[in-house]
Amino acid sequence: MDCIFCKIANGDIPSKKVYEDEMILAFHDISPMAPVHVLVIPKVHIENVDAVTEENSKYISHIFEKIPAIAKVAGAENGYRVITNCGENGCQSVMHLHFHILGGVKLPEKMA
Ligand code: 5GP
Ligand code: ZN
């Protein structure tokens, strides 16, 4: 499958890693929108939130168990924002589920 984040997860495309274990990978966004901009992905291909099931939801709970430590090690002090874009109106550009961690600055109050 021609999925850029599957290739990052299996090491075919290099990334600046922040955290990795057997289920998930966190790495710096190539085009950061804040001083801290990390992406967290499951190592298995899940397209987006619409594709979360009883069978694969353990990856999502594991991601959220690890997000506080990932945000801290990436340098997001005093809070951060977690975002996932889903589908066309959500402006999802990479069709492999990922959570943006944005921080390192006071973020705009308006989310959209
Ligand atoms: P989306 O718009 O799908 O929510 O977010 C995709 C994100 O992936 C964007 O913020 C984009 O900068 C990032 N991105 C796309 N390709 C690469 C890549 O090859 N490496 C890294 N590190 N980030 C990428
Ligand atoms: Zn994928």
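Modeller: Helices (H or I, at least four residues) and strands (E, at least two) are DSSP runs, numbered from the N terminus. This is a predicted model, in which local features need pLDDT of at least 70 and side-chain atom pairs count only at pLDDT 80 or more, while totals for chains, interfaces and linings use all residues. Residues are numbered from 1 along each chain as its sequence is written, chains are lettered from A and ligands numbered from 1 in the order in which they are written, and side-chain values use heavy atoms, leaving out hydrogens and water.

Biologist: In what order do the elements of the chain run from the N terminus on?

Modeller: The chain holds two helices and five strands. Read from the N terminus on, their order is α-β-β-β-α-β-β.

Biologist: What is the geometry of the site of the zinc ion (ligand 2)?

Modeller: Donors are N, O and S atoms within 2.8 Å of the metal (3.2 Å for Na, K and Ca), and because water is not among the atoms, sites may look incomplete. Here C3 (SG), C6 (SG), H45 (ND1) and H96 (ND1) coordinate the zinc ion (ligand 2) at 2.0 to 2.3 Å. Four donors count as tetrahedral if all angles lie between 85 and 135 degrees. The angles among the four donor atoms are 105 to 116°, and the site is tetrahedral.

Biologist: Is C6 buried or exposed?

Modeller: Buried means under 20% relative accessible area, exposed over 50%, and partly exposed in between (1.4 Å probe, protein chains only). With a relative accessible area of 18%, C6 is buried.

Conventions
Tetrahedral: all angles 85-135°; square planar, octahedral: opposite > 155°, others 65-115°.
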